[in-house]
Amino acid sequence: MLWIPCLALWGLLTSARADPGAQLRLGMDIMNHEVKRALEESQILEKMAAEASNNGPAMKAVKGIKDVKVSDVLEPAITFNFIPGKGVSQCVSTGMTINGKSFMGGNMEIIIVLNITATDRLLRDEETGLPTFKSEDCEINLISVKTNLPSNMLPSVVNKFLDGTLHKVLPVMLCPAIDAVLVYVNKKWANLLDPMPVGSMGTVKYVLMSVPTSTASYLQVDFSPEVQQQDGNTIALAEADKPPQIPEGYAEGSSQLLLSATLLTAELTLLQKSFDVKIKEKKIGKLPPQTTKTLAKFIPKVAKAYPKSKPLVTQIKINKPPKVTMKSGKSLLHLHGTLEMFATRRRSKPPTSLFLLDMHFNLKIQFSLSKNRLKLATSMNSLLSLTRASSSVGDFNEEKLIEFFTDYLGAAYVPIVDDLLQVGLPLPNFLDMNYSLAKLDVVEDALVLDLKLD
């Protein structure tokens with residue numbers, strides 16, 4: 001039952017490079033899961049056994065045994081070990097039985113235990129830019145051979161015959177299984193570089209930055225995401241003061257995905273124009289009526305200019321790219337822009353501008369996951385600055401309006417932002433990863449997804 005292919009997955013060491021916008025740690029959990037799933041879904045061992053039984057053109061006959069059939073291919077057991085700076089040694093255990101008519105007459109049954117050793121490298125395909133596993137130097141080492149022949153029937157001759165014959169046949173029969181499994185796993189990376197939409201405003205593509213490397217605990221894959229606007233222009237990721245790091249302390253063998261604050265900032269920049277809104281509702285939640293009468297409580301001169309109450313219209317424009325900042329346990333979306341308030345007029349005349357304010361405010365971000373998307377929900381955090389740029393109602397103290405507009409932004413503007421954010425931000429499409437069970441952690445300058453398997 002011990003078929004043991006020991007695969008060393010070699011990753012090339014890389015030279016100095018820019019900081020990754022996203023980083024993936026592949027631990028033992030995902031490595032085990034993917035190879036087991038490849039073996040099960042591809043049914044490669046069964047296919048190899050069937051091909052051997054059919055004596056295909058690539059197969060060598062087992063000398064002295066006719067009507068060869070391979071049966072009882074047992075479910076493999078898989079173990080891994082990471083090799084720092086090189087890759088992963090992988091061992092799979094299984095067993096099989098070879099049946100046939102022996103040269104000595106009658107039916108022969110051979111139960112074999114063996115090791116298959118191979119050296120595999122994890123590379124970046126030069127043409128596609130995708131990660132790809134490649135195996136080399138496959139060898140077969142028999143651990144034990146048992147037959148149904150009587151023990152007194154020339155055991156040394158029979159054992160020598162079986163050992164020599166099987167050494168010639170098994171590599172041809174089973175080594176292709178190694179490549180076939182790797183091909184199957186490689187296909188699970190095939191959609192990684194597909195551009196994924198962020199609404200209708202642009203796309204995100206997770207480009208591999210370099211050849212993956214390994215430590216004693218995990219395989220590391222660095223990404224340099226490309227965030228592209230609908231018109232084809234690329235939004236560059238800002239340089240961080242220091243590259244964010246996945247913190248230690250996660251369960252041994254587990255896998256994590258890090259998304260930097262600079263990546264989230266670039267992705268939300270795609271939505272910047274959508275954050276410009278005009279709000280005309282007179283009644284908004286529990287706020288006082290949006291009229292000049294209400295505004296006059298904070299700016300008395302409004303009452304003089306509009307003795308008869310008029311409905312208000314508010315126009316908000318975001319004139320700088322949004323920015324995401326992250327500290328342990330807390331994430332904020334910073335918005336810089338203008339707020340212009342108008343009084344409506346009768347007879348379809350355009351509204352009159354009362355004042356224009358420059359403002360900087362931030363929203364708390366709560367993250368969640370839906371399929372292969374990162375969802376964001378916001379709530380008002382703080383109105384950090386409010387400065388008058390122009391006014392048709394004369395001078396006034398802007399600080400007296402901070403509480404008013406803090407409540408206003410929270411009740412009127414935040415729900416609009418949340419609706420826009422429902423498009424979600426796409427996550428890397430690799431190895432058919434299901435993100436629905438991942439645990440989210442906000443760390444310094446990054447969001448970490450602690451990946452969980454079904």
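Student: Which element gives the largest share of the lining of the largest pocket?
Tutor: Strand β18 does, contributing four residues to that lining. The model is a predicted one, in which local features need pLDDT of at least 70, side-chain atom pairs count only at pLDDT 80 or more, and totals for chains, interfaces and linings use all residues. Residues are numbered from 1 along each chain as its sequence is written, and side-chain values use heavy atoms, with hydrogens and water left out. Helices (H or I, at least four residues) and strands (E, at least two) are DSSP runs, numbered from the N terminus.

Student: How many residues line the largest pocket, and which lie nearest its centre?
Tutor: The lining has 18 residues, and A240, T262, K323, V324 and D445 lie nearest the centre. The elements that supply two or more lining residues are α4 and β18 (323–327). On a 1 Å grid over the protein atoms alone, a pocket is an open set of points with protein on both sides within 12 Å along at least five of seven lines, whereas a cavity is a set of points where a 1.4 Å probe fits but cannot get out; lining residues have an atom within 4 Å of a point.

Student: How much space lies in the largest pocket?
Tutor: About 360 Å³. A volume is the space filled by probe spheres set on the grid points, which are joined across faces, edges and corners.

Student: How do the residues of that pocket's lining divide into nonpolar, polar and charged?
Tutor: Seven are nonpolar, four polar and seven charged. Here Ala, Val, Leu, Ile, Met, Phe, Trp, Tyr, Cys and Pro count as nonpolar, Asp, Glu, Lys and Arg as charged, and the others, Gly among them, as polar.

Student: Why is helix α4 described as largely enclosed?
Tutor: Eight of the nine residues of α4 (residues 261–269) are buried, so the rest of the structure largely encloses this helix. The buried residues include L263, L264 and L268, and also E267. Buried means under 20% relative accessible area, exposed over 50%, and partly exposed in between (1.4 Å probe, protein chains only).

Student: Turning to cavities: how many of 30 Å³ or more are there?
Tutor: The count is three. The largest cavity holds about 90 Å³ of space and is lined by eleven residues, with M31, E34, V35, F133 and V185 nearest its centre. Two or more lining residues come from each of α1 (28–42) and α3, and α1 gives the most, with three. The lining of this cavity comprises nine nonpolar residues, one polar and one charged.

Student: How many disulfides does the structure hold?
Tutor: One. C138 and C175 are joined, with an S to S distance of 2.0 Å; a disulfide is taken as a pair of cysteine sulfur atoms within 2.5 Å. The link is left-handed, at -80 degrees about the S-S bond. Distant parts of the chain are connected, since C138 is in strand β8 (residues 131–147) and C175 in helix α3 (residues 155–187), 37 residues apart.

Student: Is C175 buried or exposed?
Tutor: C175 is buried, with a relative accessible area of 12%, and C138 is partly exposed at 28%.

Student: In what sense do β9 and β10 pair?
Tutor: Strand β9 (residues 196–197) and β10 pair in the antiparallel sense over two bridges; strands count as paired if DSSP finds at least two bridges between them. M196 has V204 as its bridge partner. Four residues lie between the strands of this hairpin, where G199 takes a positive phi near 60 degrees. Strand β10 also runs antiparallel to β13 (residues 226–229), joined by four bridges, and K205 is partnered with E226.

Student: Which residue other than glycine has a positive phi near 55 degrees?
Tutor: K371 is one of them. K371 sits in the loop between β20 (352–370) and β21 (373–391) and is exposed, with a relative accessible area of 69%. Another is D432, also near 55 degrees, in the loop between β22 (425–426) and β23 (439–443). D432 is partly exposed at 46%.
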